[in-house]
Amino acid sequence: MKLIRSIAALLTIALMILGFNIPSYAAETEIAVTNQTASVAGAPDGSELIVALYRGEILAGAEFYSGTDTIVGNYAEDMAEELAVSDRIKVFLWDPSSLSPVIPSFSSAIDELPESDARPERVLTIYFSRTGNTSSLAEKVQAAAGGDITRIVPVTPYPDDYSECLDQARQELNDDSRPDILPLSVDIEQYDVILLGYPIWFGECPPPVRTFLSENDLSGKTIMPFCTSGSSGISGSLAKIRELCPDSTVTSGFRGTSSTTVEQIEQWLSDNDFWEAISTRIKLSAPGGDIIIKLLDNGAAQDLADMLPTELDFSDFNNTEKIAYPPEDIDLAGTESGTAPAAGDLTIYAPWGNLALFYRDYGYSSSLVPLGSVESGMEYVTSLSGAVTAEVY
């Protein structure tokens with residue numbers, strides 16, 4: 001089956017390259033390609049994103065990515081060998097049922113592609129919506145929280161008839177059913193915070209949402225549920241989420257309506273420590289164990305994160321701190337300086353440009369710029385010595 005699909009898709013690629021007029025239907029979307037990934041937002045149901053790599057005029061390889069709404073394909077990882085010998089890329093969004101393109105294709109020399117952000121988004125808004133109400137709220141949630149957004153789509157759609165849909169939903173909830181859902185268009189593992197949206201059905205989260213929670217390991221992640229509802233609140237649905245995700249942090253929920261404002265959503269996020277949860281963290285691989293440092297929300301800390309991964313050469317200084325020099329000068333413009341570091345604080349000493357990770361408290365210095373503080377692994381700081389790998393965590 002996969003071979004048949006591949007042959008059909010490659011035939012479509014060939015026809016488009018040769019200039020055949022293949023009918024397409026309108027879609028308000030466009031393809032975005034970096035040197036790592038190809039993506040499209042607003043993809044119709046059942047569409048496929050095809051990434052084709054070329055060496056001159058010869059096809060070096062092709063990869064297929066399925067999904068709905070947002071489709072992301074990490075072709076640099078999936079076709080590493082083909083990419084190494086290729087000089088051009090073409091990306092198509094197509095409809096397998098009609099063998100026709102959905103939108104115009106993308107074509108570029110590989111060395112002209114923009115660089116991908118090395119650090120993935122940490123936040124995902126994922127939602128199930130039958131009528132569109134939850135979809136509208138989810139877009140507002142994503143606007144407030146940032147990050148990516150995608151849908152939970154059942155393989156078999158629910159009936160359009162309201163009474164039939166109610167009957168089916170009631171039966172599935174009574175049976176604790178797990179209806180099949182389409183493959184997700186994102187890699188759940190990369191996200192730290194899951195903003196989970198759904199309509200309330202008989203006081204519960206719908207069965208497709210239960211399927212999503214059952215099929216994906218969300219251990220260690222923060223789940224922040226939100227819902228739409230004619231009258232019921234969200235609290236009755238939270239117990240099932242906590243049951244299915246016992247190793248996740250499930251926050252208090254949020255019920256939205258058509259009049260919900262971004263400001264109200266931001267307040268809910270703040271009340272549930274959302275901004276704390278998505279703070280950028282870096283990991284130092286110390287001899288004894290990993291040191292996790294939560295960075296502050298300032299320009300200097302962000303500049304350091306953008307340099308990672310890298311290797312830092314640590315040494316002891318003044319029996320108080322561990323110092324190392326970053327691979328490039330950190331941009332301190334716009335970042336407030338001056339701090340009295342406590343044990344565990346990461347700073348940069350502006351006159352020398354070195355990082356300083358304190359393992360003892362120190363007095364105030366106007367030349368120290370705060371970058372963050374140790375969240376875990378403080379017991380390993382004193383053992384930092386020599387080359388240590390630093391990476392975004």
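Me: Which residues does arginine 255 touch, not counting residues up to four places away in sequence?
Reply: This is a predicted model in which local features need pLDDT of at least 70, side-chain atom pairs count only at pLDDT 80 or more, and totals for chains, interfaces and linings use all residues. Residues are numbered from 1 along each chain as its sequence is written, and side-chain values use heavy atoms, with hydrogens and water left out. Arginine 255 lies in strand E14, strands (E, at least two residues) and helices (H or I, at least four) being DSSP runs numbered from the N terminus. With contact meaning heavy atoms within 4.5 Å, arginine 255 touches Cys227, Ser229, Gly230, Ser231, Ser232 and Gly233.

Me: What distance separates the C-alpha atoms of arginine 255 and serine 229?
Reply: Serine 229 is among the residues that arginine 255 touches. The two are 26 residues apart along the chain, and their C-alpha atoms are separated by 7.2 Å.

Me: Does arginine 255 count as buried, partly exposed or exposed, and what is the relative accessibility?
Reply: Buried means under 20% relative accessible area, exposed over 50%, and partly exposed in between (1.4 Å probe, protein chains only). Arginine 255 therefore counts as partly exposed, its relative accessibility being 34%.

Me: Why does lysine 294 count as buried?
Reply: Lysine 294 is found in strand E16, residues 290–295. Its contacts, not counting residues up to four places away in sequence, include Glu276, Arg281, Leu371 and Glu375. Lysine 294 counts as buried because its relative accessibility is 19%.

Me: At what angle do helices H4 and H8 pack?
Reply: Two packed helices are described by the angle between their axes and the distance between the axes. Axes are lines fitted to C-alpha atoms, for helices over the stretch in contact, and angles run from 0 to 180 degrees between N-to-C directions. For H4 (residues 133–145) and H8 (residues 262–271), the axes are 9 Å apart and the angle is about 65 degrees.

Me: Which residues in H8 meet H4?
Reply: From H4, the contact involves Leu137, Lys140, Val141, Ala144 and Ala145. By class, the contact of H4 with H8 has seven nonpolar (Ala, Val, Leu, Ile, Met, Phe, Trp, Tyr, Cys and Pro), no polar (the others, Gly among them) and two charged (Asp, Glu, Lys and Arg) residues. The residues in H8 are Val262, Ile265, Glu266 and Leu269.

Me: Within what arc do the buried residues of H8 fall?
Reply: In H8, Ile265, Trp268 and Leu269 are buried. They line one face of the helix, because, seen down the axis of H8, they fall within an arc (of the directions from the helix axis to the C-beta atoms) of 100 degrees.

Me: Which exposed residues are carried by the face of H8 turned away from its buried side?
Reply: The buried residues of H8 pack against H4, E11, E12, E14 and H9. The face turned away from the buried side of H8 carries Glu263 and Asp271.

Me: Which residues are exposed on the other side of H7?
Reply: Helix H7 (residues 235–244) has Ser237, Leu238, Lys240 and Ile241 as its buried residues. Seen down the axis of H7, these fall within an arc of 165 degrees, so they line one face of the helix. The exposed residues on the other side are Ser235, Ala239 and Glu243.
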